[in-house]
Amino acid sequence: MSSELQLKLNYVTAYRENRLKVAQDILENKLFFEELVAVSFSPSDKNNHKACWILEFVSYEELNWLQPYLDFFCANLKILKDESAIRPIAKVVQLLIKSHYKKTENSVVLSEKNLQDCIETSFDWLINDTKVATKAYSIRTLYVLGNHYDWIHPELQIILNKDYADHSAAYKAVAKEVLKKIK
């Protein structure tokens with residue numbers, strides 16, 4: 001039996017308007033959120049990548065909805081293998097890390113274990129064969145984390161300098177921007 005969320009996800013396409021509409025449905029009905037998170041980390045589900053797209057859009061508006069699911073979210077980052085699922089989740093990781101260190105009233109609070117999972121996965125995405133958008137989000141995430149963990153910037157510098165020549169203009173632009181900030 002398909003859930004109401006699964007029925008919605010069946011009709012999601014890559015069109016931004018289409019994804020925004022389903023994200024809006026979730027924002028208006030938080031009851032769907034827990035299942036959305038679960039489907040986002042179920043690689044065998046045919047709607048897995050679509051759930052990730054929607055989770056990204058929902059996270060722009062209600063990032064703190066993820067707070068009760070952070071242990072699950074962070075521990076399962078490494079199970080994602082499909083690039084269509086990884087890219088939006090890499091963006092959500094970036095949003096989570098920025099929020100965690102902002103320390104405002106509505107900030108998300110990550111545990112040390114959550115942070116370690118984000119660090120490890122961001123480095124994996126950066127050094128493995130992922131698309132440039134995922135790498136760019138990972139670079140920016142690791143830059144922020146490197147302001148709080150002194151070993152990250154030197155590692156990031158090595159990787160960016162070593163890989164610089166082999167990548168696209170988009171990658172080089174982000175790498176250059178971050179390398180300039182690290183120096």
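# Exercises on a predicted helical model

Thr130 lies in the loop between H7 and H8. The exercises below start from this residue and then move to other parts of the structure, which is a predicted model.

**Exercise 1. Decide whether Thr130 is buried or exposed, and list what it touches.**

Step 1. The relative accessible area of Thr130 is 11%. Buried means under 20%, so Thr130 is buried.

Step 2. Not counting residues up to four places away in sequence, Thr130 touches Glu83, Trp125 and Lys135.

Step 3. For a distance across the model, take Leu20: Thr130 and Leu20 are 110 residues apart in sequence, and their C-alpha atoms are 25 Å apart in space.

**Exercise 2. Find where Thr134 lies and which residues it is in contact with.**

Step 1. Thr134 belongs to helix H8.

Step 2. Its relative accessibility is 0%, so Thr134 counts as buried.

Step 3. With neighbours within four places in sequence left aside, the contacts of Thr134 are Glu83, Ile86, Arg87, Ala90 and Trp125. Glu83 and Trp125 are also touched by Thr130.

**Exercise 3. Describe H7: its span, its buried residues and the helices they pack against.**

Step 1. H7 has 16 residues and reaches 23 Å from its first C-alpha to its last, close to the expected 22 Å.

Step 2. Asn114, Leu115, Asp117, Cys118, Ile119, Thr121, Ser122, Phe123, Trp125 and Leu126 are the buried residues of H7.

Step 3. These buried residues pack against H5, H6, H8, H9 and H10.

**Exercise 4. Work out how Lys78 relates to Asp117 and other residues that it touches.**

Step 1. Lys78 is in the loop between H5 and helix H6 (83-102).

Step 2. With a relative accessible area of 33%, Lys78 is partly exposed.

Step 3. Beyond residues up to four places away in sequence, Lys78 touches Asp117, Glu120 and Thr121. Among these, Asp117 and Thr121 are buried residues of H7.

Step 4. Lys78 and Cys118 are 40 residues apart along the chain, yet their C-alpha atoms are separated by 9.4 Å.

**Exercise 5. Show on which side of H10 the buried residues lie, and what they pack against.**

Step 1. Helix H10 covers residues 169-182, which makes 14 residues. From first C-alpha to last, H10 reaches 20 Å, close to the 20 Å expected at 1.5 Å a residue.

Step 2. The buried residues here are Tyr171, Val174, Ala175, Val178, Leu179 and Ile182. Because they cover an arc of only 130° around the axis, they are on the same side of H10.

Step 3. The face turned away from this buried side carries the exposed residues Ala169 and Lys180.

Step 4. The buried residues of H10 pack against helix H7 (112-127), helix H8 (132-146) and helix H9 (152-163).

**Exercise 6. Classify the aromatic pair of Phe57 and Tyr60 and describe the setting of Phe57.**

Step 1. The structure holds six aromatic pairs. In the pair formed by Phe57 and Tyr60, the distance is 6.3 Å centre to centre and the angle between the planes is 35°, which makes the pair tilted.

Step 2. Phe57 and Tyr60 are three residues apart in helix H4 (residues 48-62), so about one helical turn separates them.

Step 3. Phe57 is buried, with a relative accessible area of 5%, whereas Tyr60, at 39%, counts as partly exposed.

Step 4. Leaving aside neighbours within four places in sequence, Phe57 is in contact with Arg16, Arg19, Leu20 and Ala23. The charged end of Arg19 sits over the ring of Trp53, 5.5 Å from its centre.

**Exercise 7. State how confident the prediction is, and where confidence is lowest and highest.**

Step 1. The average pLDDT of the protein is 94, and 99% of the residues score at least 70.

Step 2. Confidence is lowest in helix H1 (residues 4-10), with a mean of 91, and highest in helix H5 (residues 70-75), at 98.

Definitions and conventions: Residues are numbered from 1 along each chain as its sequence is written. This is a predicted model: local features need pLDDT of at least 70, side-chain atom pairs count only at pLDDT 80 or more; totals for chains, interfaces and linings use all residues. Side-chain values use heavy atoms; hydrogens and water are left out. Helices (H or I, at least four residues) and strands (E, at least two) are DSSP runs, numbered from the N terminus. The expected span of a helix is 1.5 Å times one less than its number of residues. Buried means under 20% relative accessible area, exposed over 50%, partly exposed in between (1.4 Å probe, protein chains only). The arc is that of the directions from the helix axis to the C-beta atoms. Contact means heavy atoms within 4.5 Å. Rings of Phe, Tyr and Trp (its six-membered ring) pair if their centres lie within 6.5 Å; planes under 30 degrees apart count as stacked, over 60 as edge-to-face and the rest as tilted. A charge sits over a ring if NZ of Lys or CZ of Arg is within 6 Å of the ring centre and within 35 degrees of the ring normal. pLDDT is the predictor's confidence in each residue, from 0 to 100.
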